[in-house]
Each structure stands twice: as C-alpha cells, then as structure tokens.
Amino acid sequence: MAKKKKLPSGSSTIALNKKARHDYTIDEKFEAGVALLGWEIKSIRAGKVQLVDSFVQIHNGEVWLLGAHITPLTQACTHVVAEPRRERKLLLNKKEIAKLFRHTANEGNTCVCLALYWKGNKVKAEIATVTGKKLHDKRAAEKERDWNKQKERIMKQH
C-alpha cells in the first residue's frame, strides 16, 4: 500500500498563491469556507491544487472562487465527470460579502485567493482585497526584501 504524505507539524497549508503577493498590495484578509465535492477533497489531500491564476468574484450576492485548478485523481473519480477549473462557492457571512463588494467596486481593486489550508477537517480559503502594484512598486518591494535578508545575515554573523 502507498504511504500517506504527512504534513509537517503545525503546517496546515495546502496551497499558496505566491504570485498574488508579488503582483498586489494586500489591503484586508478574510477566511472563507469552500464548498467542495468528494473527489476534490481527495485530490486536495494528495496535494493536487494550484492557485496561480485564481481570483474571487461576487455574483448575485454570492462569492465564487474562479480559476483554481484541482487535478482529479484517476482512482477517485471514476463515476463522475470531473471539471478541474469549475467555479467553487465560498462561504462568507453577509457583512463580509458587503465589505468585499464595496472594496471591489473601486477602480483598480480586486479580490484574490491567497491560500488554501486545513482548519480541523474543513478546507478554508484565505482571500484578500488587493490593489494592483505598478512595476516600480514591485522593484522597491524586491529591494526591501533583499536588504532585509542582508541585515539578517549580518546580524547572524555578529
């Protein structure tokens, strides 16, 4: 039998969207539940998730995760036609949905999924309202990150 992959202790993260942190300035974060099917949970446990081009959209008072790719396992979904990039409903309360709607109504603002993680036996999504960065902002952030790494090295040596 195949051995199950064990997550490192204390780490419940399933997938991260590193590109979103590079391309956007994060304004406010939210935790949302995700409505998933059985085969999707099995694929998530196997680590077959990508959030690279995912984003969040509000439609008819409901919040949807679009563009997240969950690769179906061949042995898990034999009787179901699996769609890897289907729309997945995010579960938030009305006040949070209203905040998201107000923020995304402004020009240049959007909402993206930053991470998927386990909370108990449920899959949660960390979504955030974000503002797009300009090229010079990205360069400044990269310089700041490099300088912080150098400071850490210098402090470690002395």
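How many bridges join β8 to β9? Select these two strands to begin: 10 bridges join β8 to β9, and the two run antiparallel. Keep in mind throughout that this is a predicted model.

**Colour by confidence**

Colour the chain by pLDDT. The mean over the chain is 83, and 90% of the residues reach 70 or more. Residues 1–9 have a pLDDT below 50, and in the model this stretch has four contacts beyond near neighbours in sequence.

**The sheet**

Now show the strands. Seven of them form an open sheet in the order β1-β8-β9-β2-β7-β5-β4, with antiparallel pairing. Select β1 and then β4 (55–59): these are the edge strands, and each pairs on one side only. Neighbouring strands of the sheet are turned against each other by 40° on average, with direction ignored.

Return to β8 and β9 and find the hairpin they form. Two residues lie between the strands there, and Gly120 takes a positive phi near 75°.

Is β9 mostly covered or mostly open? Of its 11 residues, eight are buried, so "mostly covered" is the answer.

On to β2. Nine bridges join β2 to β9, and this pair runs antiparallel. Pick Glu31, which stands opposite Glu126 in β9. Two bridges join β2 to β7 (residues 88–91), again running antiparallel. Here Gly33 stands opposite Leu91 in β7.

**The helices on the sheet**

Select α2. This helix packs on the sheet and touches β1, β7, β8 and β9; its direction makes about 75° with that of β8. Then select α3, which also packs on the sheet, touching β2, β4, β5, β8 and β9. The direction of α3 makes about 145° with that of β8.

In soluble globular proteins, nonpolar side chains tend to be buried together. Look for such a group here. The largest nonpolar core has 25 residues, and Ile14, Leu90, Leu116 and Ile127 touch the most other members. The elements that give two or more residues to this core include β1 (13–16), β2 (24–34), α2 (38–45) and α3 (94–104). Which element gives the most? That is β8, with four residues.

Centre the view on Leu90. Leaving out residues up to four places away in sequence, Leu90 touches Ala32, Gly33, Val34, Val56, Val63, Trp64, Leu65, Ala125 and Ile127.

**Two cysteines**

Finish with Cys111 and Cys113. A disulfide needs the two sulfur atoms within 2.5 Å. Cys113 is therefore in no disulfide either, as the nearest cysteine sulfur to it is that of Cys111. By this rule the count of disulfides is zero.

Show the surface around the pair as a last step. Cys111 is buried, with a relative accessible area of 2%. Cys113 is buried too, with a relative accessible area of 0%.

Technical notes. Residues numbered from 1 in each chain as written. Predicted model: local features only at pLDDT ≥ 70, side-chain atom pairs only at ≥ 80, totals over all residues. Heavy atoms only, no water. pLDDT = per-residue confidence, 0-100. Contact = heavy atoms within 4.5 Å. Buried < 20%, exposed > 50% of the residue type's maximum accessible area, 1.4 Å probe, protein only. Core = buried A, V, L, I, M, F, W, Y, C linked by side-chain atoms within 4.5 Å. Pairing = 2+ DSSP bridges. Axes fitted to C-alpha atoms, helices over the stretch in contact; angles between N-to-C directions.
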